[in-house]
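The tour begins with a term, passes over the whole chain, and then stops at two residues.

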Amino acid sequence: MQFKPGTPSLPVVRRISSALLLAGFSILALAASGGAHAATDSWRLAFGGGKAPAGYTAVQPDMAYDEKRGFGFEPGAVVRNVPARTSHLGADKPFFFSVDLPEGNYNVTITFGGGESASTTTVKSELRRLMLENVSTAPGAQVKRTFTVNVRTPRIPAGDGIAAGAVKLKAPRETVQEAWNWDKRLTLEINGANPAISAIEIVPATTPTLFLLGDSTVCDQPGEPYSSWGQMLPRFLKPGIAVANHAESGETYRDSLARRRLDKVVSAMRPGDTVLMQFGHNDQKQIKENKGGPFTTYKDEIRAHVDAVRAHGGIPVIVSSMERRNFDDTGKVVPSLRDYADAARESAKELGVAFIDLNAMSKPFYEALGPERSKQAFAEPQPGRIDNTHHNNYGGYELAQAVLTGLRRSGVPAAAFIADGYGNFDPSHPDPVASFAVPASPTFTNERPLGDEANQ
């Protein structure tokens, strides 16, 4: 993997030891060290160099993350205090800020703006999960925005038929490049044309969780130009529900069971939580290897997931896999996942669970763009080389809206949290590529996500 300057590569390597310890013996190690700060699940942090309000802790630009302190800027951050009527923190390039938190859901409220200039700030969490898009303030004005976020570790506690243990993370992908998804911290990426923040408040939240299980087209991709609909989903939800994305590159329903991702999800689930499940791209390899098929093992593994989710009080939702980018001479998408989409649909009907037909919605989306313009929805890790399976930020953003539309139509309770103005996406009339304005993260990789090697 290649990283641009200012990426989290160094802190990720440093932090993975914490993630792995949390899977087993971290409590003993922490107690023995005696040097870490007292654990807390709430933070009130003030930025900008002025006097911190009562109950807030002042954060200075030179405060690199420190385990004893429990918060700070990640390496590569170049930030400055901006004195004004209301002081704030400014930067000329994206930066990362982390706080220690136990596993769980949190409401994060950020105060933006306050300077003499207008500001525009985008916030992403952990591995590039889009939380707030282009929050703008007028000169001298401030606004507050709140989002709900999930923090997790690999640890699986014992209980309700689940054996204690840990998710079997892939090394080095999850233990290095994706370690921010599994450590004991919440990491925020502050991005935008002229970002300005003056305060961050973090409090625990007993909220519903929307869990995701799936492959590389769903998971939190660690670097540009790759993205997924799961990574974009939080942007379209109101505060009050957290997205916990447990999808991972290269995986199948079978892998979800073997690597204990499903166990992790149901161990963290509260009654009424929702689980969206989308596999298929990598399951296809089982046919060639004579290890399964769409209407046999694939459906059996779907049933195993549905049964486990229901047994723990959750609401399962089956999502069919979006198509790959491949057109015939008439400009129509050539189906490559038809059997798996049909098997997913059949399973949903037979099991009586909600179904989102992302496979069907992806085809008019690609066709509306056409054979050439559709390239702008897919990752281009090297000039002129399009990855026809994996999407870029724009593609993930549009597909997230398609998933939300399916969620609304399904009528599951989580649909109540869809943000105003969304949930009625028409894939045959996608947003213009030219109007897409989510700023890219500072991390870059030309390493293709795992899986689906035969369809590059």
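Buried means under 20% relative accessible area, exposed means over 50%, and partly exposed lies in between, with a 1.4 Å probe and protein chains only. The model is predicted: local features need pLDDT of at least 70, side-chain atom pairs count only at pLDDT 80 or more, and totals for chains, interfaces and linings use all residues. Residues are numbered from 1 along each chain as its sequence is written, and side-chain values use heavy atoms, with hydrogens and water left out.

**The whole protein**

Eleven helices and 19 strands make up its secondary structure; helices (H or I, at least four residues) and strands (E, at least two) are DSSP runs, numbered from the N terminus. The protein is as compact as a globular protein of 456 residues, because its radius of gyration of 22 Å is close to the 23 Å of the globule rule. That radius is taken over C-alpha atoms, and the rule is 2.2 Å times the number of residues to the power 0.38. Along the principal axes, the C-alpha atoms fill a box of roughly 65 × 50 × 40 Å.

Of the 456 residues, 57% count as buried. Among contacts (heavy atoms within 4.5 Å) with a separation of 6 or more, 77% come from residues 24 or more positions apart.

**First stop: Thr207**

Select Thr207, in the loop between strand 14 (196-204) and strand 15 (209-214). Is Thr207 buried or exposed? Its relative accessible area is 11%, so Thr207 is buried.

Now show the surroundings. Apart from neighbours within four places in sequence, Thr207 is in contact with Asn105, Thr148, Gly240, Ile241 and Ala242. With Asn105, the side chain of Thr207 forms a side-chain polar contact of 3.4 Å. A polar contact is a pair of N or O atoms within 3.5 Å; within protein, one must be able to donate a hydrogen and the other to accept it, and residues adjacent in sequence count only if both atoms are side-chain atoms. For a distance across the chain, select Ala419: its C-alpha atom is 16 Å from that of Thr207, although 212 residues separate the two in sequence.

**Second stop: Thr121**

Move to strand 8 (residues 119-125), where Thr121 is placed. Thr121 counts as buried, because its relative accessibility is 0%. Which backbone atom does the side chain of Thr121 reach? It is the backbone nitrogen of Ala196, at 3.1 Å. Leaving aside neighbours within four places in sequence, the contacts of Thr121 include Phe112, Leu132, Val135, Ile190 and Pro195.
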